[in-house]
Amino acid sequence: MRIPFGKPCIGKEEIDSVLHVMEGPILVHGPIASEFENSFAEFTGAPYSISTSSCTAGMHLVYFSLGYGPGDEVIVSAQTHIATAHAVELTGAKAVFVDAEDEFGNIDVKCIERSINSRTRAIAVVHYLGVPADMKKIICIAKKYNLFVVEDCALAPGAKLENLHVGLHGDVGVFSFYPIKHLTTAEGGMVITKHEELATKIRHLRAFGVNRNHGERKIPGLYDCTQLGFNYRMSEIHAAIGVVQMKKLPKFLEKRRENYECLKTLLKDLSKTRILPQPVDDNITSSHYCLGLILDEEIRAMRPFIMSSLGEKGIGSSIYYPSPVPRMSYYRNKYGYDSEQFKSAESISDSIISLPIGPHLSDKDMFTISEELKTTWRDANV
């Protein structure tokens with residue numbers, strides 16, 4: 001691909017940082033992971049930051065830490081990656097899906113309360129494509145029913161509401177460092193929270209549930225296992241990449257914003273489409289993951305042709321996300337599916353083309369994407 005949808009922006013600094021770790025004696029349980037955690041905490045303003053092996057592992061740790069299991073329910077946006085729901089299901093609890101709203105694709109706040117019952121324990125909020133959800137209303141609902149709030153921030157580092165980073169409005173936020181995200185550690189995740197007790201518990205659970213991690217042991221090798229836990233730690237090698245990426249993140253975010261605004265302007269007159277908007281409120285900051293181009297219903301069937309045409313011209317695209325999660329086979333077979341409950345999520349999933357705006361791309365690339373799309377429109381007589 002001349003213009004790939006996503007590409008990790010790895011330079012000599014990251015390579016040197018990894019080599020430095022590999023030449024040393026510590027590959028896990030070391031100071032680099034702590035440095036990365038501290039850097040991420042400083043960037044977000046989080047009191048506590050815990051690195052994990054992935055975003056999914058981080059979310060699973062949160063629910064496991066809270067003791068959720070069979071009989072418990074967590075409200076989850078239907079418009080998200082399957083990991084948001086899987087993290088709930090892996091504890092034995094049930095993911096209860098709520099439709100998205102049309103404008104930004106975030107969870108429809110109006111639908112949340114009707115899904116709450118005596119078994120509901122938490123609300124999992126997804127900041128879709130980096131646009132913050134309406135956390136004020138969500139927190140009000142959570143307080144009314146005494147519910148825990150988990151923010152899935154996989155696509156949202158740098159996103160803020162009223163100058164407060166996402167992940168800190170609720171009780172906990174979880175981030176992803178997959179290769180094509182805003183920053184990468186090759187693979188990895190981060191949990192941030194304002195709750196000290198929860199942070200301490202997650203730190204221990206990510207390392208088997210032992211009562212003293214390496215840095216806490218006065219006598220090497222002496223510890224006790226006080227609870228069931230996992231091996232969900234981030235290695236020093238992954239963290240070494242993250243430390244360097246954190247220094248580059250502000251520029252990455254600015255370039256994403258510039259690319260989004262450029263491509264949005266170039267595509268504003270593309271017929272029979274709309275662009276998922278970014279907030280215009282000065283109190284809301286998006287992290288601009290991609291540009292969501294929504295096809296009108298009459299041309300939705302053309303999506304495979306459009307994406308294949310782009311691919312043949314060396315332009316990458318994607319679909320975020322290919323289906324409302326409750327329509328995916330696993331969840332459909334387990335719980336059944338009522339399309340009337342998820343009309344907005346279906347509409348977005350079935351009509352979106354996700355276009356690249358990452359920092360690996362230039363203004364010229366945005367122009368190329370625009371021109372090739374317009375050519376495709378002409379060829380197809382749209």
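Reply: Happy to! A salt bridge here is a side-chain nitrogen of Lys or Arg within 4 Å of a carboxyl oxygen of Asp or Glu. Please keep in mind that this is a predicted model.

Me: By this rule, how many salt bridges does the count come to?
Reply: The rule is applied to Lys or Arg nitrogens and Asp or Glu carboxyl oxygens. One of the pairs that pass is Glu-340 with Lys-343, at 3.0 Å from N to O. By this rule, the count comes to 21 salt bridges.

Me: Which residues are linked with Lys-248 in a network of salt bridges?
Reply: This is a case where salt bridges join up into a network. Along with Lys-248, the network holds Glu-13 and Glu-14.

Me: Arg-203 forms a salt bridge with Glu-37; how many residues apart are they?
Reply: The closest N and O atoms of Arg-203 and Glu-37 are 3.1 Å apart. In the chain, the two belong to distant parts: Arg-203 sits in helix 6 (residues 196-205) and Glu-37 in helix 2 (residues 31-44). Their separation is 166 residues.

Me: Which parts does the pair Arg-327 and Asp-350 tie together?
Reply: Arg-327 and Asp-350 form a salt bridge, with their closest N and O atoms 2.8 Å apart. The pair ties together parts that are 23 residues apart in sequence. Those parts are the loop between helix 8 (303-312) and helix 9 (329-335), where Arg-327 lies, and, for Asp-350, helix 10 (residues 343-351).

Me: Which residues is Phe-97 in contact with, leaving aside its neighbours within four places in sequence?
Reply: With neighbours within four places left aside, its contacts are Val-76, Ser-77, Ala-78, Ala-85, Val-325, Pro-326, Tyr-331 and Phe-342.

Me: Which helix gives the largest share of the lining of the largest pocket?
Reply: The largest pocket has a volume of about 490 Å³. Of its 22 lining residues, Pro-132, Ala-133, Asp-134, Met-135 and Lys-136 lie nearest its centre. The lining divides into eleven nonpolar, three polar and eight charged residues. Its largest share, four residues, comes from helix 5 (residues 135-145).

Me: And how much space lies in the largest cavity?
Reply: Searching the whole structure turns up two cavities of 30 Å³ or more. The largest is lined by 19 residues, with Lys-7, Ile-180, Lys-181, Arg-256 and Pro-359 nearest its centre. The space in this largest cavity is about 130 Å³.

Me: How many charged residues are in the lining of the second largest cavity?
Reply: About 40 Å³ of space lies in this cavity. Its lining includes Phe-104, Tyr-128, Gln-278 and Gly-292. The lining divides into eight nonpolar and two polar residues, and the number of charged ones is: no charged.

Technical notes: Residues numbered from 1 in each chain as written. Predicted model: local features only at pLDDT ≥ 70, side-chain atom pairs only at ≥ 80, totals over all residues. Heavy atoms only, no water. 1 Å grid on protein atoms, 1.4 Å probe; cavity = no way out; pocket = protein on both sides within 12 Å on 5 of 7 lines; lining within 4 Å. Points joined across faces, edges and corners; volume = space filled by probe spheres on them. Nonpolar A, V, L, I, M, F, W, Y, C, P; charged D, E, K, R; others polar. Contact = heavy atoms within 4.5 Å.
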